[in-house]
Amino acid sequence: MNAAKRRAIFARLQAANPSPTTELEYDTPFQLLIAVLLSAQATDKSVNLATRKFFPAHGTPEGMLALGEEGLAEYIKTIGLYRTKAKNAIATCRLLIERHGGQVPQTREELEALPGVGRKTANVVLNTAFGQPTMAVDTHIFRVSNRTGIAPGKNVLEVELRLEKLVPPEYRQDAHHWLILHGRYICVARKPKCPQCGIADLCEYKAKTLSA
């Protein structure tokens, strides 16, 4: 895909949604970190349903640590892998207090040193909480990047690095939100909704669907 076509795609995505953001609900960088940690292999909707129950009273590292692993597990047992996530979240709270004064660090290296926090989670927090132009590549972004031809790659890291290089600078801050939402609602896995797609004429996917 050439640069002009890529720029046109992001211009249209921006026009359709000028201020995209995560669908996870949070009030602080810490709450976003916990929500993203809980969202692995789970829907944002299921995470929001759970965090609404404990963020108001326990939405700080100290508050969540006071809950303990078992206490947190009770709140998040409707989410997949909840025991592992509870263990990691409580351990993360402890490290945030011990190493970072209860604050969420603003570098990928420090974030990835926290239990249960991988590169994608770190990138979401850096982008959404701290305004860094990172690319948090999930299955949706991986699919859209490859299907459309925006930034094809064999694995998520390859796609991430290509997006960082190829997305025009003025669109980098919001690019991963546009691509996630596009993959979640339009360029879906089984049967992409090409007739409803605002970038279908620019997309290089050869197997476009003719009907919704």
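The model is predicted: local features need pLDDT of at least 70, side-chain atom pairs count only at pLDDT 80 or more, and totals for chains, interfaces and linings use all residues. Residues are numbered from 1 along each chain as its sequence is written, and side-chain values use heavy atoms, with hydrogens and water left out.

**Stop 1: the cysteines**

An unreviewed UniProt entry annotates C187, C194, C197 and C203 as "binding site". UniProt positions are in the numbering used here, feature names are shortened, and annotations may be inferred rather than shown by experiment. The four span 17 residues in sequence, yet no two of their C-alpha atoms are more than 10.7 Å apart, so they gather at one spot. The lining of the largest cavity includes C187, C194, C197 and C203. Here a cavity is a set of points, on a 1 Å grid over the protein atoms alone, where a 1.4 Å probe fits but cannot get out; lining residues have an atom within 4 Å of a point.

Now centre on C187. It sits in the segment after helix 10 (172–185). Helices are DSSP runs (H or I, at least four residues), numbered from the N terminus. C187 has 8% relative accessibility and so counts as buried; the cut-off is under 20% relative accessible area, with a 1.4 Å probe and protein chains only. Show its contacts, meaning heavy atoms within 4.5 Å. Beyond neighbours within four places in sequence, C187 touches R143, V144, R147, H182 and P192.

Step to C197. C197 is also in the segment after helix 10. At 18% relative accessibility, C197 counts as buried. With neighbours within four places in sequence set aside, its contacts are H182 and I186.

**Stop 2: helix 8**

Select residues 139–148. This is helix 8, mostly covered, with 7 of its 10 residues buried. Colour the buried ones: H140, I141, R143, V144, S145, R147 and T148. They pack against helix 9 (156–166) and helix 10.

Check both ends. At the start, a side-chain oxygen of D138 comes within 3.1 Å of the backbone nitrogen of H140. Just after the helix, G149 takes a positive phi of about 95 degrees.

**Stop 3: the cores**

A nonpolar core is a set of buried Ala, Val, Leu, Ile, Met, Phe, Trp, Tyr and Cys residues joined through side-chain atoms within 4.5 Å. Select L33, L38, M64, L72, I76 and L111. These have the most contacts inside the largest core, which has 34 residues. Helix 2 (29–38), helix 3 (44–58), helix 4 (61–76), helix 5 (82–100) and helix 7 (119–128) each supply at least two of its residues. Helix 2 gives the most, with 8 residues.

Zoom to L33. Leaving aside neighbours within four places in sequence, L33 is in contact with T92, L96, V104, L111, L114, V117, T121 and V125. A second, separate core of 22 residues includes F10, M135, Y171 and C187.

**Stop 4: A89**

Pick A89 in helix 5. A89 is buried, with a relative accessible area of 0%. Apart from neighbours within four places in sequence, A89 contacts I34, L37 and L72.

**Last stop: the domain**

Select residues 38–185. UniProt places "domain: HhH-GPD" there, in an unreviewed entry. The end C-alpha atoms of residues 38–185 lie 21 Å apart. The span is 68% helix and 0% strand, where strands are DSSP runs of E with at least two residues.

Conventions. 1 Å grid on protein atoms, 1.4 Å probe; cavity = no way out; pocket = protein on both sides within 12 Å on 5 of 7 lines; lining within 4 Å. Buried < 20%, exposed > 50% of the residue type's maximum accessible area, 1.4 Å probe, protein only. Polar contact = N/O pair within 3.5 Å; in protein donor to acceptor, adjacent residues only side chain to side chain.
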